[in-house]
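Have the structure open as you read.

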Amino acid sequence: MQLSDLKRVYFIGIGGIGMSAIARYFAMRGLEVSGYDKTPTVLTRTLEREGIAVHYSARPEQIPPPADDLLIVYTPAVPKTFPELIHVTAGGYTVMKRSEVLGLISRHMQCVGVAGTHGKTTTTTITTYLMMTAGLDPSAFLGGIARDFDGNYVHGESDWVVVEADEYDRSFLRLTPEIAVILSTDPDHLDIYGDHKQMLETGFRAYARQIKPGGQLVVRYDVAEHFTDLEEVMISTFGIGTGDFCAHNIRVEDGAFHFDLREPDGHLIQNLRTALPGRHNVENAVAACAVTRLAGGQEEHLREGLANFHGIARRFETVLKSGNLVVIDDYAHHPTELRAAITAARELYPNRTIRGVFQPHLYSRTQDFAPGFARALDLLDEAIIIPIYPAREEPIPGVTSQLVYGLMKNEKRRLLTDTQMLEWTAELKDGVLLLLGAGDIDALVPRVVAQHRTKSLHYGN
C-alpha cells in the first residue's frame, strides 16, 4: 500500500499513546481520521478537539465500507475477539498494525529509532528536542506527552523522524533506522518472548540488524557485547563513567543534575545541565546527545537544549508541592524503573521520608518480576501496593498484589484498595510521595492532588 493513496484512516484503539500520535500525523496531512476507544480520556478528548471523530461503543456498522482509499489501523492491545476487529479482518478491508504503519511512514526517511526496556520515551523526547534545537527539524512519534511540544506527535519539515521503537510484540522490527539506540535489554514482555535469551535474539539483535547499511548503532556500554557481530553498521557506546560518549563528574546543584560529556575523540563538553532527576536520566541524556552529534548537531545545541528541556508527563513529574509535602507521578512499571525513581527521589530530597504507592501492571509481569518489585519497593520508607491493573490480560490464578507484598521485607508496607489509598494520602503532611505504575493510577493522581489543593504552592511543575 502507498500512503499517498489514502484519504481516510480508521483506528481501533485510537486513544493509545502510540495510536493517537499516528492519528495526528494523518489528520495534519488532511486525511479524514476517526476511530474507536473504550472510554473517554484526556487523549481522546484532545483528539476530538482537533477535529478527529471518536466513538466509545463497539459497533462495526459505524466503520465505513471497504474502499481503496481507506486504511484500518489497530493496536495489539485490542483482543482478537473484539467485534470491530473481527468485522474488518473478515470484511475485505486493508488492515495494519500500528507498528506496520509507523514502519511505512518512516521507511523513506532518516529514522532515529530509540529502543530499550527502560527510558525510551524520555530519550526519544530529549533527542527530538535536541535535534530541534540544532535546526534539524525532525518529525517525532513519542510515547508520552512532551511538555515542550504539548503532545505526543511533532511535525517537522526535514527528512529526519524520531520514533520510540517498542519491543512489545516485536513492533520495532518494522523499522529500518538510520540511527538506532538501544538503552537496555533487561527481561520484560516474557509473555511474548518466552525467556530473556529469545528476547535478545529475536528482539533486540533482530532490531539492530534492521539498521540501514552504513547506519549507526548507539548502545549502552554494558550491553554492547551482544551486538559486536553487526556488519555494515558503525557502533558507538554510551554510559556513565565509560563508553565512547561518556558522562563524568555528575553532581546535583540547585536542584538540577550537572555533568561533563566526553566524546569519542576525547573532546570534553563541560557542565551540561538537566532538570531531569536521577542518574538514569543523565544516561538517557548522554544517548540523546550522541544521536544529535552523529546527526550533525553542535556543542552549543546540546548545552542549550538540555538546559531548556522540560520533560514528559508521568516521567518523575512533580504534580504537587504543598507545604512540606511533594507528590511525584511516575510511569515506572518494571523493577529497574522503580529503583531508578526511588533513587532519584532520595538524591533530590536526601533528608525527607520517601513513601510510594505502586500499582502493578499486568498479571504476567507481576508473576515474572514479583521478587524484583519486592526488592525495589523495600527501598521506600513506607510502601503502599494497590490492586493490579490488568490492561489486556485475563487474571492468572494466584497472581495478585499480595504476591509482591508477601515477598517484601519492609515493615511499613500495606495492601490497600484505591479508595483506602486515597484516604491514606489525604492524611499525609510531609515527605515525598511517589505514585508509581503504568496503569490507571494516573486517573487517581488528580484526586490525590485535589486533597491538598488548598495548600498547594505548585502544581504541574
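With a relative accessibility of 0%, T128 counts as buried, because the cut-off for that is under 20%. Keep in mind that this is a predicted model. T128 sits in helix α5, which covers residues 120-133.

Who's packed around it? Setting aside neighbours within four places in sequence, T128 makes contact with P138, A140, L142, F149, V154 and V162. As for Y153, 25 residues separate it from T128 in sequence, and their C-alpha atoms are 11 Å apart in space.

## Two nonpolar cores

The largest nonpolar core has 47 residues, and F11, F26, F141 and L217 have the most contacts inside it.

Back in the largest core, take a look at F11. Not counting residues up to four places away in sequence, F11 touches M19, I22, A23, F26, V33, S34, G35, Y36 and V73.

## Helix α7

Now for α7, which spans residues 196-208. Its buried residues are M199, L200, G203, F204, R205, A206, Y207 and A208. Among the elements covering them are β6 (110-115), β10 (179-182) and α6 (190-193).

What caps the N-terminal end of α7? That's D195: one of its side-chain oxygens lies 3.2 Å from the backbone nitrogen of K197.

Methods
Residues are numbered from 1 along each chain as its sequence is written. This is a predicted model: local features need pLDDT of at least 70, side-chain atom pairs count only at pLDDT 80 or more; totals for chains, interfaces and linings use all residues. Side-chain values use heavy atoms; hydrogens and water are left out. Helices (H or I, at least four residues) and strands (E, at least two) are DSSP runs, numbered from the N terminus. Buried means under 20% relative accessible area, exposed over 50%, partly exposed in between (1.4 Å probe, protein chains only). Contact means heavy atoms within 4.5 Å. A nonpolar core is a set of buried Ala, Val, Leu, Ile, Met, Phe, Trp, Tyr and Cys residues joined through side-chain atoms within 4.5 Å. A polar contact is a pair of N or O atoms within 3.5 Å; within protein, one must be able to donate a hydrogen and the other to accept it, and residues adjacent in sequence count only if both atoms are side-chain atoms.
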